[in-house]
Amino acid sequence: MEWEQEVENLFGKITDQVPEAFRSAVKPMLHETAEKTARLRNSRFVGKDDLLSALFEITPEPFKPTVVNDLKDLGIDTDRYIQLSEIMKAHARSWDDVSAAFIPGVYHFTMYLTDRCNQKCRHCGASVIENRPELSTEQWIDIIENVEETLRKRGRRGCYIWFGGEPTLRKDLNDLIRYCGEKGYYQAVSTNGMLFDEELAKLCAEVKISHVFISYDSVDPERAAKIRGVPNAYEAAEKAIKLSLKYGNLTICTATAQKENFDELEKIKDRLESMGVIVYFRAIIKQRSADINWDEIGLNLDEYRQFYTFKYSKITDAIRKGEVRGIHKFLMYDMVPFMECPVNDEERTALEWGVGCQACRSVSGIDINGDFFPCDYPSQLTLGNVLKQDFNEIMESKLFKDIRDRNIKGRCASCHHLELCGGGCRCHAENETGDFLESLPFCWHEDDHEHENCKSR
């Protein structure tokens with residue numbers, strides 16, 4: 001975790017005021033808590049707000065008046081930071097109603113176990129790939145241990161999402177699930193539901209899997225069949241949902257918003273919520289099969305704007321009414337350009353952990369051969385190979401940090417929304433421009449005005 005120089009200096013001034021008898025204990029505690037606070041908003045660095053809210057978090061109630069007086073001597077308004085500390089703690093607790101694997105700071109990896117699939121989705125990233133050689137069970141375990149060891153040293157954890165193709169076509173999927181279960185690692189499985197049976201649903205519950213992703217793109221069986229390329233896609237998804245819920249698994253249905261289903265997003269939401277599952281919409285990304293079929297299934301700029309309104313308006317309204325829960329924050333994540341301006345610390349804390357592009361921050365992908373994708377979607381750009389390299393080496397590379405730190409080029413670089421937006425989808429930008437860090441072409445925002453509240457912490 002990196003520290004801004006100004007914050008490092010402030011840390012020194014604060015700890016210098018601590019009585020010498022306590023200083024050796026307070027310094028490491030404050031340092032660790034400040035970094036933890038920064039991780040909870042998926043930040044790359046410790047800022048002033050992280051340090052001061054952490055200070056009030058670790059200070060026992062009887063000593064807070066002394067701390068307030070000491071900070072006032074340094075010219076710091078303490079009221080805001082006392083309140084911010086409470087806001088951050090409340091938001092961290094609110095993740096308990098979803099899953100510990102979604103606590104900000106956990107790094108999610110899409111594990112591309114196989115190119116094989118039993119569906120032929122027109123928007124999928126795997127269907128245009130030849131079936132390449134697959135890694136063994138032992139090699140995937142080596143990758144997991146490599147990644148997890150690096151993250152643990154950084155005070156973080158991974159969540160390993162079994163993906164494909166279709167991961168249930170791997171005969172050792174249950175072995176991988178059991179391994180992570182025995183080690184206590186966060187994991188999830190992402191499936192189209194066709195081979196998701198009672199045995200797998202029960203196993204997921206036994207190992208306390210974080211969540212089960214089930215693809216669900218239409219409430220109309222005929223339309224679902226068209227989108228997913230097989231006649232029984234709808235029925236398979238419904239069956240898998242019921243099995244997953246039967247065993248008490250946290251079940252999330254992923255719906256890819258595309259031209260074919262764009263008129264039924266509300267219907268999809270209503271149907272899935274009535275079944276008791278979380279519905280997660282993400283906009284179609286122009287790559288691989290989606291690129292080939294873009295004229296038929298892709299969204300235009302105006303439709304992306306409509307999707308933004310559909311996805312974010314209800315959630316931001318809930319946040320502004322004080323109704324935010326972990327579930328609202330989970331639904332917030334997407335790579336569509338994000339242009340809300342939080343007006344206070346409550347809103348910013350609810351938003352900043354996961355809006356905009358999260359490549360090299362909280363999501364990445366590991367390909368069938370161990371290649372490391374910066375995003376969970378496959379890209380032309382890879383940053384190394386976690387089967388052959390220490391993951392720490394990849395995380396310390398300049399390109400990883402440029403992506404993490406959102407060093408975007410072009411018109412996005414000077415946009416006042418960049419801190420939260422991250423420049424929108426990097427994979428889509430790469431497809432359109434050939435450069436993973438180039439500005440996103442389908443953003444509708446005109447950067448011809450300013451917002452007083454669109455300032456970084």
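How many nonpolar, polar and charged residues does the lining of the largest pocket have? The close-ups below visit this pocket and a group of paired strands, all in a predicted model.

**View 1. The lining of the largest pocket, by class.** Here is the reply to the opening question: the lining has 13 nonpolar residues, three polar ones and one charged residue. The space in this pocket comes to about 440 Å³. Altogether 17 residues line the pocket, and the closest to its centre are Val18, Pro19, Val26, Phe63 and Val67.

**View 2. Helices around the largest pocket.** Take a look at helix 2 (20–39), helix 3 (48–58) and helix 4 (64–73): each of them supplies at least two residues of the pocket lining.

**View 3. Strand 4 in its surroundings.** Strand 4 spans residues 157–163, and five of its seven residues are buried, so the strand is largely enclosed by the rest of the structure. Buried here stands for under 20% relative accessible area.

**View 4. Strand 3 beside strand 4.** Seven bridges join strand 3 (residues 106–112) to strand 4, and the pairing is parallel.

**View 5. From strand 4 to strand 5.** Strand 4 also pairs with strand 5 (residues 186–191), in the parallel sense and over four bridges. Within strand 5, Tyr186 is the bridge partner of Cys159. Follow the chain from strand 4 through helix 7 (residues 173–183) to strand 5, and you trace a β-α-β crossover that is right-handed.

Note on methods. Residues numbered from 1 in each chain as written. Predicted model: local features only at pLDDT ≥ 70, side-chain atom pairs only at ≥ 80, totals over all residues. Heavy atoms only, no water. Buried < 20%, exposed > 50% of the residue type's maximum accessible area, 1.4 Å probe, protein only. Pairing = 2+ DSSP bridges. Right-handed = clockwise from strand over helix to strand, strands pointing away. 1 Å grid on protein atoms, 1.4 Å probe; cavity = no way out; pocket = protein on both sides within 12 Å on 5 of 7 lines; lining within 4 Å. Points joined across faces, edges and corners; volume = space filled by probe spheres on them. Nonpolar A, V, L, I, M, F, W, Y, C, P; charged D, E, K, R; others polar.
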